[in-house]
Amino acid sequence: MTTQAKKRRGATYELQRGYRLMIVPALIAVGIFAIVPLAGMLGLAFSDYHLIRGTKWDFGFHNFAKMLSDKRLMNSV
């Protein structure tokens, strides 16, 4: 392998490394603005949280069972 080929390969490696480093801020932004709110939403969906009455953190499927037994949901579907 000639020295010129080594230089070309090294430059390509450096560019690829730079491209990978540019992805890091995008992944952090996706984590902050997409994954964290989604996790919070799922946490609230499985809890019985009310702003006025205070917090009651009973985790379970009670909210989903209540929703599926509601006649308004079945009429809307």
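## The Salt Bridge

Arg-72 has a relative accessible area of 64% and is therefore exposed, since exposed residues are those over 50%. This value, like the others in this report, was computed from a predicted model.

The side chain of Arg-72 meets that of Asp-70 in a salt bridge, with a distance of 3.2 Å from N to O. Asp-70 counts as partly exposed because its relative accessibility is 27%. One salt bridge is found when the whole structure is searched.

## The End of Helix H1 and the Loop

Helix H1 covers residues 3–45, and strand S1 covers residues 48–50; Ser-47 lies in the loop between these two elements. With a relative accessibility of 2%, Ser-47 counts as buried, because the cut-off for a buried residue is under 20%.

A polar atom of the Ser-47 side chain lies 3.2 Å from the backbone oxygen of Leu-44. Leu-44 belongs to helix H1. Its relative accessible area is 44%, so Leu-44 is partly exposed.

Ile-28 counts as partly exposed because its relative accessibility is 48%.

Notes:
Residues are numbered from 1 along each chain as its sequence is written. This is a predicted model: local features need pLDDT of at least 70, side-chain atom pairs count only at pLDDT 80 or more; totals for chains, interfaces and linings use all residues. Side-chain values use heavy atoms; hydrogens and water are left out. Helices (H or I, at least four residues) and strands (E, at least two) are DSSP runs, numbered from the N terminus. Buried means under 20% relative accessible area, exposed over 50%, partly exposed in between (1.4 Å probe, protein chains only). A polar contact is a pair of N or O atoms within 3.5 Å; within protein, one must be able to donate a hydrogen and the other to accept it, and residues adjacent in sequence count only if both atoms are side-chain atoms. A salt bridge is a side-chain nitrogen of Lys or Arg within 4 Å of a carboxyl oxygen of Asp or Glu.
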